[in-house]
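Subject: Structure for your files

Hello,

Here is the structure I said I would pass on. My notes on it follow below.

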Amino acid sequence: MDRKLDPSRDDLPLMANTSHILVKHYALDLDVDFESQIMEGTIVLFFESENRFGKRSSCTEETCQSEAIEARTVRTPEPCHIPGTSTRTFSSKPGYSDFVICGKGEKDTSGKDGNHDNWEQASGISSSKYCCDTGNHGSEDFVLVLDCCDLSVLKVEEVDVAAVPGIEKFTRSPKLTVVSELRNQIVRELVTLPADRWREQLDYFACCSQAPGCGELLFDTDTWSLQIRKRGAQTATDFPHAIRIRYRTNPQGRSVTWTSDQSGRPCVYTMGSPINNRALFPCQEPPVAMSTWQATVRAAASFVVLMSGEHSAKPTQLQEGRSSWHYYVTMPMPASTFTIAVGSWIEMKPETCSSNDLAAERRSVSPSDADSGCVGVCCHMDYPCRFQNASAAIQEIIPHRVFAPVCLQGACQETLLPLVPPCLSAAHSVLGTHPFSRLDILIIPANFPSLGMASPHIIFLSQSTLIGRSHLCGTRLCHEIAHAWFGLAIGARDWTEEWLSEGFATHLEDVFWAKAQQLAPHEAQEQQELRACLRWRRLQDEVRSSPQEMQVLR
């Protein structure tokens, strides 16, 4: 579907065929090159096919029937990459006409999105109006469709997970003689390991991502998607459940911004909108596609790599003046929430550290402590959940770090650093257990288009929040902290309902901030009424000055 979209009018195309196959885990291995302004490397995708997740699917019978009725051929794609030819050329050999792409009106029924506090950009990611889905059509090969834009895909191959030492314990049927079926069985068992074996699962994902390839796969790209198939694999169940994609980003790719920080040093960070992360790595964008991930990122030793991750990563020194950083996430999240920032950031430390802060650090809770005591029962998919962790339930202040360019060190120490503990404590007093085990806060470069953005384990804040007194910084910090619950741990059914997350976060920023200031009840009430009045007047002004079509949610 090579169409030009108008961000002010058109919705972001969601091309991935999530009704048939879901990515359960991404393993990224990337090099960051600031001279060429590209990231290059590999991503390994581990899948679960429809025969396993179909019973857990959130789509209704009516929805599934309508999807089947709407399936139709929409185009004949351009020639596919043929293994053995140059990675930059496409074959025009006969016989490719059996590569059929089908489209449907996919309904995203669950999930979360990164919280981008910029309505003009968020409105461009509001529905799945343009979708593509591919299933089994008679004797045709199954086609995996991934959301992909502004990427140069160099090679796609099946991963020989059976070559990993010790992996044989995931083979339930030793009588399997078809090697491809054996590999798929291994992946099926691996992605469904129970939550208490998360560490073992993560280690095997890492080992499998380094396993050798066992055959290149056919692929084709267009403006918005990457389509992959294996000859003879006619269903999602037959399709390889572990594939490796070698690719590089584009300097003009719309998922990342290459720029300079306030000190004039080069940096790069994920914008998230207007096209989410599909220009950073091939992925499944619909919020229904919930996955975990791990990433190894290498950059020059002078740079700091921050990322969505459950631990505070430390660099591993490599040869030739480069460092490697590794992060992982065990809570399944939409691919759109993956966040990365690479730059010459400086960690801002308070001049003095209070005893309360030290106690909070000692009470740090990692996923490995998930069996130390349970409080309540959750109804979500199985993963190491902090809401079931008694130790996490009493952790008022999660471990946190603040990063910024060196020129903003004074402003951060004066304005931002003192606010983080009371704001985190206030959030805990209202909502209880923090959904994420730690938090990084980054003062983002000046070209960042909004006041803040919340992602798993990391918050971007605009430098504008450091100006003046602490009120603006405090309220914005409370707003982004609230998104850990509303927008990340809990999300709208699809992106057209993202206003719900923003509504909760906007309400809670006043509640959190009043508690962080330790205001008396009547003072908190007066402050909230004043802010509500200002918001109402601002909304009235926006309605009067906005075209009618901009006043209606699509």
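In which hand, left or right, does H9 pass H10? The crossing is right-handed. Please keep in mind that this is a predicted model.

Two helix pairs

H9 covers residues 420–431 and H10 covers residues 470–482. Their axes lie 10 Å apart, at an angle of about 45 degrees. An angle between 35 and 65 degrees is classed as oblique, and H9 and H10 are therefore oblique to each other. On the H9 side the contact is made by Val-420, Cys-423, Leu-424 and Ala-427, and on the H10 side by Gly-474, Leu-477, Cys-478 and Ile-481. By type, the residues of this contact are seven nonpolar and one polar, with no charged residue.

The other pair is H11 (residues 498–516) and H12 (residues 521–545). Here the axes come within 10 Å and cross at roughly 150 degrees. Angles over 145 degrees count as roughly antiparallel, so H11 is roughly antiparallel to H12. H11 also passes H12 in a right-handed crossing. From H11, the residues that meet H12 are Thr-506, Glu-509, Asp-510, Val-511, Trp-513 and Ala-514. Their partners in H12 are Ala-524, Gln-527, Gln-528, Arg-531 and Arg-535. The residues of the contact between H11 and H12 divide into four nonpolar, three polar and four charged.

H4 runs over residues 179–191, 13 residues in total. From first C-alpha to last it reaches 19 Å, close to the expected 18 Å. Its buried residues are Arg-183, Asn-184, Gln-185, Ile-186, Val-187, Arg-188, Glu-189, Leu-190 and Val-191.

Loop residues

Most residues other than glycine have a negative phi. Asn-276 has a positive phi of about 55 degrees, and is not a glycine. This residue sits in the loop between strands S13 (266–270) and S14 (290–300). Its relative accessible area is 0%, so Asn-276 is buried.

His-457 likewise has a positive phi, near 70 degrees. The loop that holds His-457 lies between strand S22 (452–455) and S23. With a relative accessible area of 4%, His-457 is buried.

Is Ile-467 buried or exposed? The cut-off for exposed is over 50%, so Ile-467, at 61% relative accessibility, counts as exposed. Ile-467 is in the loop between S23 (458–461) and H10. Ile-467 and Thr-415 are 52 residues apart in sequence, with their C-alpha atoms 8.5 Å apart in space.

Regards

Methods:
Residues numbered from 1 in each chain as written. Predicted model: local features only at pLDDT ≥ 70, side-chain atom pairs only at ≥ 80, totals over all residues. Heavy atoms only, no water. Axes fitted to C-alpha atoms, helices over the stretch in contact; angles between N-to-C directions. Helix = DSSP H or I, 4+ residues; strand = E, 2+ residues; numbered from the N terminus. Parallel < 35°, antiparallel > 145°, perpendicular 65-115°, else oblique. Left-handed = near helix turned anticlockwise from the far one by under 90°. Contact = heavy atoms within 4.5 Å. Nonpolar A, V, L, I, M, F, W, Y, C, P; charged D, E, K, R; others polar. Expected span 1.5 Å × (residues − 1). Buried < 20%, exposed > 50% of the residue type's maximum accessible area, 1.4 Å probe, protein only.
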